[in-house]
Amino acid sequence: MEILVCVKRVPDTAENEIEVNKDGSDIERDDLVYSINEWDNYAVEEAIQIRDKVGGSVTVVSVGGEEAEEIIRREMAMGADKGVHLSDQAFEESDGKGLVRILQAAIEKGSYDLILTGVQADDGAGQVGGMLAAMLDWPFASLVNHIEVINDRTIKVGREIAAGNQEMNEIDLPCVLSIQTGINEPRYVGIRGIRKVASVEIPVFGASDIGLSPDLVGKSGATISRVDYFVPDLGEGAEILEGDTGEILEKLIEILQSKGGIK
Amino acid sequence: MAACQRVRVKEKATDMGTALIAPAEASFFGIPTVIFSVFILIFGIGIFTYIIVRRIGPLLNAAADPRLDRIMDRAKNTVRIAIFQYRQPRYLFAGILHILIFAGFVIISLRSIALVMFGIFEGFSLPGFEGALGNIYDLFKDLAATIVFGSCVIAAIRRGFFQPERYSVPPKYGKGHTGEAILVLFMISGLMVSDAIFEGSSIAAQIQKGFGIEMPIPGTITGIAAMIFIKTPLSSLQNIHLVAYFSHELIFFFFLCFLPLGKHFHVITSIPNVFFMKLNKGTVKSVKWGMAEEEIETLESFGVKKFEDFTWKHMLDFYSCADCGRCSDNCPATAVGRPLSPRFISIKCRDYAFDKYPLYGASIKGSNLIGHILEEDEIWSCTTCGACEEECPLMIEYIDKIVDVRRSLVDGGIVPQSLQKPLSALEKRGNPYGKMERKRADWAKNLMATNAVKILKKDVKTDTLYFVDSITSYDDRIQAIGQAVVRVLHGAGVDFGILGPAEKDSGHEVKRFGEETLFLQLRDQNIASIHDSGVKNIITADPHAFNALKNDYNGIPPVEHIGQVMKRYIDSGKIRLKPIEDNRAVYTYHDPCYLGRHNGIYDASREVMDAIAGIKRVEMVKCRDRSFCCGGGGLMLFYEPIEETRMGRLRVEMAKDAGATVIVTACPFCMVNIEDAIKTTGMEGKMEVIDLVELVDRHMIA
């Protein structure tokens, strides 16, 4: 099975203190560390596991500047067979639809049976998977937490439903799935693993390489523009506890006790 | 002289004629029994040699392991640990029994050789043992045989009826080994008794014939046998004499060949195993011995994945395990019900070796250890506290093996999810919490201006570096330990600085969790920063950082733990202490593994405590080199083990049993684990924990 996984490089929420910048256009990006979007990492692990069971290959694709290469390489260290880096100045400041157009163009140049995306990205809008399926006119399942290959035309997917319910569906290939965390246990990739694939060539494709008109993407193709970016004001009934962890916990216990939450 | 006449058949034969026909001269249905003797000897030695050759097989294909350095140290260790069995009495009763049996065996070994020769050469005597020396030896040998026999009887009763808990085998590890133990005790007893009968029958015959004879010491088994046979007709004695002799020989060679088939292989392997023991405590073995660090990165795979990836010494360890259970009896992971028992690491690997490298037929190589004989959770359960290695009378290593298996897991991407985030944070931020590098020195900001801490830079230099490490830099509670270090050092007049954002995690647990490449990155960054700082000595309050800097790093200035530093300054009067604040409190010192067992620092901390006038200090039963790990440090704090209870909880119970109300420790991770355990056991208000440096800080006269 030929599997493509769309991955994104994001600021790691566990290892950064995210603050909005002064003019409110973005977050403060100095001193941030980046990693692969967590959901995408699960998607790559799942793709590798499917490939190991039924054969085929796993390709990892990412749209972004030079720095996106590091996460493509990381996922190749994990076990993906090929990497594709989509990078062009024309791609900058694309909105969601623009981003999907780039991916769509690259996908149509290749031949894939299954496309996986993360359900969402730490810094995203959760729109790539669904929009990509719609624009490719392929079937789509979201929030997938289980995949079983039935044959080369059909797979069975499980979806997590509210209140801990589970839904099982059969879906025809080719299709797009957005992958939920917890579907597997992604393997560890250390510095050594990345060094081992350090010399593997990762092709970079620009707009012309994938036959995409630059007007459809980037700022010119965007139909959505961000107008503000801020931390919401404290609403009524909300309180932010301050102090060190011990003090915060003490206050929290006090509040819970006074409201009858704990005795 | 009569005094010369008892023991060896030789003189009896030459001087006075033989009371009984010796095995070398007798015949059985017309066949000279010497034929049997020669046959048993050749056959026994042949089989034994064959078995040993087969057993050596896997060691020849194993990984390299240089163990021929520091020969004098090795010789000393061999004498102390293998010959004098220095570690045996740590378990007093079993230890004394073992020493008695071992010492007896050593004495009797000469007799055993002589006995084999008796069957071939009548009147054989070992060179030098023809005269008085031989007679003196015979007295000792009779005593030794009696002691060995008695010890075996006691050991068999102990093993068979009282069945000490530490020998039991949980069902998941297969069948118990009591049968083998009892069989061996029977064989040893059989050797003693058959020799006693062989010789006793001869003595009885000589007495009956009126030969001048020196009696064996009454009460020894030889003496008893002689007494029993004193009235037995000579014709019967002749048969008894020969049957006893050949029984002895058959048991002897059967026993010899039986040794390499099970846990009694240690009778043969223990002396070499001790001789080749690991000499550098606190260190972790190289990924591949004999390979430069830069080259190691070019290896296709890391660590131990298959049995054949172990070093020959580690295989010898498996052969040498005597199954005494002392390691697991002291293992904190075993105590809390984690799926790890060091004893069964050895036993399972030995069973694997015996199975895959059989005595006949082809060897089967190459299946993965994980999933076949070892489990992932078992390998991650170890805190590397070293209690098992401290206890093993045969110096079997566990930490290096576990780290080697972890290395192969990490290399294959098999790392528990709970450890992946901290490892990634260590890679990106140099600390397992994913905190910003620039906030690494923020803990020092809360100190008063008089205690402002220098951050070493190009233009800020001091001779002394305080290496803080991650937990003290970022953990709310532990930062207080760092602040106490600052006040104590300033109080003692020490001019020091910290590396601040240039400091990275020491990588101590990164290395011990098998992520060697990441460790090397952290180490190299730290070494560069330390060199840039130009300091001449290093102090740390974290035993894990201490051990890393001392034993894992190289080419940096000497490092001391704050406990050693405080001890020095108390002795020199630079630190003066008030009498104890709370004179109702009872203090106990918890030895951190990486200060105590791995680095032998037990007394400095205790002496620092005792320098506080009026302090009441008690010891827990498990103290010093038997200290019980609190739960582990570094990455172990992130690992979610399968366990029934927590190590810290057991430790707090031990402190309570000792009558203590305050646990003093000298390690930030012990603080975290013990503080947590005090809360979860509901001991708040009854038990406290304080770091040694905090205790000094509180009692220091400014």
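Visitor: At what angle do helix α2 and helix α8 of chain B pack?
Guide: This is a predicted model. In it, α2 covers residues 34-60 of chain B and α8 covers residues 234-258. Their axes lie 9 Å apart. The angle between them is about 10 degrees.

Visitor: Are α2(B) and α8(B) roughly parallel or roughly antiparallel to each other?
Guide: Angles under 35 degrees count as roughly parallel. The two helices pack at about 10 degrees. α2(B) and α8(B) are therefore roughly parallel.

Visitor: How many residues of the contact of α2(B) with α8(B) are nonpolar?
Guide: From α2(B) come residues including F36(B), I40(B) and I47(B). They meet residues of α8(B), among them F246(B), L250(B) and F253(B). The contact also has 2 polar residues and 1 charged. Its nonpolar residues number 10.

Visitor: Which strands stand at the edges of the open sheet in chain A?
Guide: The sheet has 9 strands with mixed pairing. Their order is β9-β8-β7-β10-β6-β1-β4-β5-β11. Each edge strand has a single partner, so one side of each is left without a neighbour in the sheet. These edge strands are β9 (165-172) and β11 (204-205) of chain A.

Visitor: Which helix of chain A packs on that sheet?
Guide: This helix touches β1, β4, β5, β6 and β11 of chain A. Its direction makes about 145 degrees with that of β4(A). It spans residues 96-109. The helix is α3 of chain A.

Visitor: Which residue in β4(A) is the bridge partner of I3(A)?
Guide: β1 runs over residues 2-6 of chain A, and β4 over residues 57-63. The two pair in the parallel sense over 5 bridges. In β4(A), the partner of I3(A) is V58(A).

Visitor: How many residues lie between β7(A) and β8(A) in their hairpin?
Guide: β7 takes residues 140-149 of chain A, and β8 takes residues 154-161. They pair in the antiparallel sense over 5 bridges. I147(A) stands opposite V157(A) in β8(A). The residues between the two strands number 4.

Visitor: Which residue in the hairpin of β8(A) and β9(A) takes a positive phi?
Guide: β8(A) and β9(A) run antiparallel, joined by 8 bridges. K156(A) stands opposite E170(A) in β9(A). This hairpin has 3 residues between the strands. The residue with a positive phi, near 60 degrees, is A163(A).

Visitor: What share of the residues in chain A is buried?
Guide: Chain A has 7 helices and 11 strands. Its C-alpha trace spans about 60 × 45 × 40 Å along the principal axes. The chain holds 263 residues. Buried ones make up 37%.

Visitor: Which helix gives the most to the side of chain B that touches chain A?
Guide: The contact takes 23 residues from chain B and 18 from chain A. Elements giving two or more residues on the chain B side are α17, α18 and α22. By class, that side has 7 nonpolar, 7 polar and 9 charged residues. With 9 residues, the helix that gives the most is α18(B).

Visitor: What distance separates the centres of domain 2 and domain 3 of chain B?
Guide: Chain B is divided into domain 1, domain 2 (293-411), domain 3 (429-571) and domain 4. The contact takes 8 residues from domain 2 and 5 residues from domain 3. On the domain 2 side, 4 are nonpolar, 2 polar and 2 charged. Taken over C-alpha atoms, the separation of the centres is 33 Å.

Note on methods:
Residues numbered from 1 in each chain as written. Chains lettered and ligands numbered in written order. Predicted model: local features only at pLDDT ≥ 70, side-chain atom pairs only at ≥ 80, totals over all residues. Buried ≥ 20, exposed ≤ 12 C-beta atoms within 10 Å, placed from the backbone. Contact = placed C-beta atoms within 7 Å. Nonpolar A, V, L, I, M, F, W, Y, C, P; charged D, E, K, R; others polar. Axes fitted to C-alpha atoms, helices over the stretch in contact; angles between N-to-C directions. Parallel < 35°, antiparallel > 145°, perpendicular 65-115°, else oblique. Pairing = 2+ DSSP bridges. Domains from an automatic or database assignment.
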